[in-house]
Amino acid sequence: GKPLVGIRTANHAFSVRSEPAPGHEAWWEFVPEVLGCENRGYGKNEDGVDVTVATGQADHPILEGVTPLPWHSEGPLYRVAPLLAARAPVLLFGSGGPAAGEPVAWTRMAGASRVFYTSLGYPSDFDLPQYRRLLENGIDWTLDRPRTPRAR
C-alpha cells in the first residue's frame with residue numbers, strides 16, 4: 001500500500017538465482033505484479049538509448065521541466081514491451097540499434113499504490129539534469145504531493 005519509485009535494475013531486484021540468504025526472500029512476481037512488465041532482454045551496450053516523449057504525454061506532471069528532450073542514454077535498452085499493466089501510461093519511449101519503441105518510463109497503480117518506473121538509470125544518466133528532474137518529479141507524483149519549484 002506504499003508508493004514506489006523503481007529505477008533500472010529494480011526490474012530484477014528480487015529475482016535471485018540461488019537460495020536466498022536467511023532473512024531474505026525471492027519475489028519473482030514483483031516485476032509483473034508491481035512494476036507491470038516483464039524483463040525480455042537488453043539491447044547492445046554500444047547502442048545506448050534515444051529517449052523521446054510518448055504521444056500525448058508531454059503535459060504529464062512527471063515530465064514537467066524535463067529538458068532537453070529528446071536525449072541519449074549511454075546504457076543498453078531494456079526490452080519490456082508490451083507492458084502487462086492494462087492502464088500504465090507510458091511517458092517516455094526509447095530506441096537503440098535495431099530495437100525501437102520500448103517503454104522506458106511509465107506510471108501505474110499497483111492496488112492502491114502509485115508506481116513510477118524507469119528503465120533508465122545507467123550511471124551516466126545521473127549526470128543529466130533532465131534525468132534527475134524526471135526522478136524528482138516521479139517521487140513527487142508517487143507521493144501525490146504538489147510539485148515544488150526547483151532551481152535550475
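Reader: How many aromatic pairs does a search of the whole structure find?

Author: Four aromatic pairs. Rings of Phe, Tyr and Trp (its six-membered ring) pair if their centres lie within 6.5 Å. This is a predicted model: local features need pLDDT of at least 70, side-chain atom pairs count only at pLDDT 80 or more, and totals for chains, interfaces and linings use all residues. Residues are numbered from 1 along each chain as its sequence is written, and side-chain values use heavy atoms, without hydrogens and water.

Reader: Why is the pair of Y42 and Y78 called edge-to-face?

Author: The planes of Y42 and Y78 are 80° apart, with 4.8 Å centre to centre. Planes under 30 degrees apart count as stacked, over 60 as edge-to-face and the rest as tilted, so the pair is edge-to-face.

Reader: What makes Y78 count as buried?

Author: Y78 has 4% relative accessibility. Buried means under 20% relative accessible area, exposed over 50%, partly exposed in between (1.4 Å probe, protein chains only). Y78 therefore counts as buried. Y42, at 37%, is partly exposed.

Reader: Why does E102 have no salt bridge?

Author: The nearest side chain of opposite charge, R79, is 5.0 Å away. A salt bridge needs a side-chain nitrogen of Lys or Arg within 4 Å of a carboxyl oxygen of Asp or Glu, so E102 has none. Lys and Arg count as positive, Asp and Glu as negative; His and the chain ends are not counted. E102 is buried.

Reader: Which residue's backbone nitrogen lies 2.9 Å from a polar atom of the E102 side chain?

Author: That of A81.

Notes. Polar contact = N/O pair within 3.5 Å; in protein donor to acceptor, adjacent residues only side chain to side chain.
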